[in-house]
Amino acid sequence: MPEIVAFNRAQFTQSAPSIRECPPEFGREVAFAGRSNAGKSSAINTLTNNSKLARTSKTPGRTQLINYFELTEDTRLVDLPGYGYAKVSLAMKQKWQANLSEYLHERRCLTGLVVVMDIRHPMQEFDTMVINWAVEVNMPVHLLLTKADKLKKGPANATLLQIKKDLKDAEVDDLISVQMFSSLKKTGLDELKIKLSSWLLEGGRELQPEELEG
């Protein structure tokens, strides 16, 4: 059995409006990104066994800052702003996109990205865009297909298999993994813990040569 991080020790430490206000670069962090109605906050709360850790709201788009949760002195979870759904101005959406792109490209201690998607509506335009940003910098990605309890087993498995096939066809299945998840029934919780622990304890992203020189 691989070593598992004690995710229930997660504690909120700070919020940042952009990468310039993020904590100093040290240790390792794993970030969660996803559309504002994909169940991202619920997934983080289920992972950490703390229903009040990440804000959940019936109004999508409440997470407008980069929120940090400390696990140990040198490991963190990061809740990135929700995208693609919130009823906000175009200018605000563009600002969120710019912050997300900058964070994924420039945050060196980021070792992996979890992209949260409603299993009933996977791989939307914004999801694909964020995944492509991660692939550009050789960032390991884990696709979390949430709300699996909303589908019957057959259709849920069909969606999972189709995404796996698409990743293999695109020749990115070595960098991108995928699983089903349900915050309500805790389906896939152990699988998620194992994946994130491997990133936080062993490291995920390989720095590019130009970054090592810097």
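So, Ser197: you'll find it in helix 5, residues 189-202 (helices here are DSSP runs of H or I, at least four residues, strands are E runs of at least two, and both are numbered from the N terminus). Ser197 is buried, at 1% relative accessibility, where buried means under 20% relative accessible area, exposed over 50%, and partly exposed in between, with a 1.4 Å probe and protein chains only.

Quick caveat: this is a predicted model, where local features need pLDDT of at least 70, side-chain atom pairs count only at pLDDT 80 or more, and totals for chains, interfaces and linings use all residues. Residues are numbered from 1 along each chain as its sequence is written, and side-chain values use heavy atoms, with hydrogens and water left out.

Who does Ser197 touch? Leaving out residues up to four places away in sequence, we get Glu3, Ile4, Val5, Phe7 and Glu202, a contact being heavy atoms within 4.5 Å. With Val5, a polar atom of the Ser197 side chain sits 2.9 Å from the backbone nitrogen.

Zooming out, the protein has six helices and seven strands, running β-β-α-β-β-α-β-α-β-α-β-α-α along the sequence. Of its 214 residues, 48% are buried. And of the contacts with a separation of 6 or more, 76% are between residues 24 or more positions apart.

How values were computed: Polar contact = N/O pair within 3.5 Å; in protein donor to acceptor, adjacent residues only side chain to side chain.
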